Amino acid sequence: MSDTATGPWLQSAFVSAMKGIDAQASEQSLTEEALRLIEEWSSPQRIFHNIDHVKRLLNRVDDVENWTHNPDILRVAAWYHLAVFSLPRTTITECRDDNAEASAAQAHRQLQAFGVSKDTADHVASLILSLRSTVAAPDDNDTVTFVDVDLSYLASIPQDYKKYIGQLRQECASIPDEHYLQQRRAHIKRLLDRNDIFLSPLSDDLETPARQNLEGELYRIEQELNIDDPSLEKMDTSQPSDSMRETEAHSDSDDDTGTLIIRAKSKGPKTGSTSVVTTPTHSSEALTPVMGIPTKESQDSDNDNEDSFASTLESAVDCFDLLDEKVERG
């Protein structure tokens with residue numbers, strides 16, 4: 001890996017995690033394995049699922065280490081979860097499932113070669129397999145947490161989310177645009193149809209911003225595919241719902257006053273008369289309030305705040321415009 005500043009840190013992180021799951025191999029052997037994995041994750045064909053993706057997952061595991069039996073098991077699973085990687089040719093999910101199965105097999109084989117117990121190797125492989133699209137909802141704490149860690153990018157700030165979906169599209173450049181958008185739309189709708197996207201304690205901070213990002217992306221995809229979705233309709237927002245958090249973004253309408261409603265479950269904390277939506281910062285270690293949503297009691301006195309709120313969300317939804325993402329095809 002060319003980045004000498006992060007290379008040693010990553011090597012040490014891998015060796016430390018392996019020791020944390022009682023690997024019996026020498027430090028030199030573990031360091032060599034770390035270098036092999038870093039090289040795999042740094043392959044030029046990896047645009048989203050690259051070494052930065054591993055770093056994001058490792059940082060997120062640090063956030064949830066108190067919620068798991070052994071966070072080092074999750075760290076090792078993060079290292080191996082897509083260590084075997086091939087680009088999708090026809091379908092996104094089929095390729096991801098194949099990669100997960102091959103990566104789980106490699107992880108199990110390598111861990112046992114390094115003296116990790118069979119039970120622990122089985123557990124790591126099981127965590128990796130839990131990321132397949134056909135797997136039922138997890139019910140054990142480690143798996144629930146690992147799946148949420150893998151999906152945590154969905155709750156990124158809008159600018160980062162736009163970058164990520166652009167990177168995903170580039171990784172899938174061999175899939176024709178319409179087929180890709182149809183597959184991406186189906187995936188997004190499956191996520192939004194869940195009662196909760198996140199099942200671990202991460203949901204308190206990630207659920208609302210993730211739903212906002214997904215709703216915004218879904219709206220743009222359906223615009224491009226010319227699909228009308230009644231759940232994403234233009235309507236007056238003067239009376240926000242008590243049961244749903246409503247995210248607004250200006251949209252064209254006959255009288256230029258219509259707004260696009262992006263509905264998401266309200267799980268964020270409340271301060272006074274204003275609900276606060278939180279979203280991860282770039283470091284993924286802290287949460288920054290990014291917008292206030294006025295309650296009914298404060299609407300009459302906070303008209304100026306409402307104007308500012310709508311303007312902020314207009315910028316956020318603009319970040320999801322898939323038409324801005326042009327894939328260079330070689």
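A salt bridge is counted here where a side-chain nitrogen of Lys or Arg lies within 4 Å of a carboxyl oxygen of Asp or Glu, and a search of the whole structure by this criterion finds 14 salt bridges. The structure is a predicted model, in which local features need pLDDT of at least 70 and side-chain atom pairs count only at pLDDT 80 or more, whereas totals for chains, interfaces and linings use all residues. Residues are numbered from 1 along each chain as its sequence is written, and side-chain values use heavy atoms, with hydrogens and water left out.

Helices are DSSP runs (H or I, at least four residues), numbered from the N terminus, and burial is expressed as relative accessible area (buried, under 20%; exposed, over 50%; partly exposed, in between; 1.4 Å probe, protein chains only). In helix α3, which comprises residues 51-64, Lys-55 and Asp-52 lie 3 residues apart, about one turn of the helix, and their side chains meet in a salt bridge with an N to O distance of 3.6 Å. Lys-55 is buried, with a relative accessible area of 16%, while Asp-52 is partly exposed at 39%.

A salt bridge of 2.8 Å, N to O, is formed by the side chains of Glu-217 and Arg-184. This pair links distant parts of the chain, since Glu-217 belongs to helix α10 (residues 203-224) and Arg-184 to helix α9, 33 residues apart. Both partners are buried, Glu-217 with a relative accessible area of 2% and Arg-184 with one of 6%.

In general, an α-helix has 3.6 residues a turn, so residues three or four places apart point the same way. Arg-211 is buried, with a relative accessible area of 5%, and Glu-207 is buried with a value of 0%.

In helix α5 lies Gln-106, which is buried, with a relative accessible area of 11%. Its side chain is joined to that of Arg-36 by a polar contact of 3.2 Å (a pair of N or O atoms within 3.5 Å; within protein, one must be able to donate a hydrogen and the other to accept it, and residues adjacent in sequence count only if both atoms are side-chain atoms).

The largest pocket holds about 960 Å³ of space, a pocket being an open set of points on a 1 Å grid over the protein atoms alone, where a 1.4 Å probe fits, with protein on both sides within 12 Å along at least five of seven lines. Of the 42 residues that line this pocket, those closest to its centre are Arg-96, Leu-131, Ser-133, Leu-151 and His-187, lining residues being those with an atom within 4 Å of a point. At least two lining residues are supplied by each of α5 (92-113), α7 (141-151), α8 (158-171) and α9 (177-193), and the largest share, 7 residues, comes from α9. The lining divides into 23 nonpolar, 10 polar and 9 charged residues.

Of the 14 residues of α8, 11 are buried, so this helix is largely enclosed by the rest of the structure; among the buried residues are Tyr-161, Tyr-164, Ile-165 and Leu-168.

Notes
Grid points are joined across faces, edges and corners, and a volume is the space filled by probe spheres set on the points. Ala, Val, Leu, Ile, Met, Phe, Trp, Tyr, Cys and Pro count as nonpolar, Asp, Glu, Lys and Arg as charged, and the others, Gly among them, as polar.
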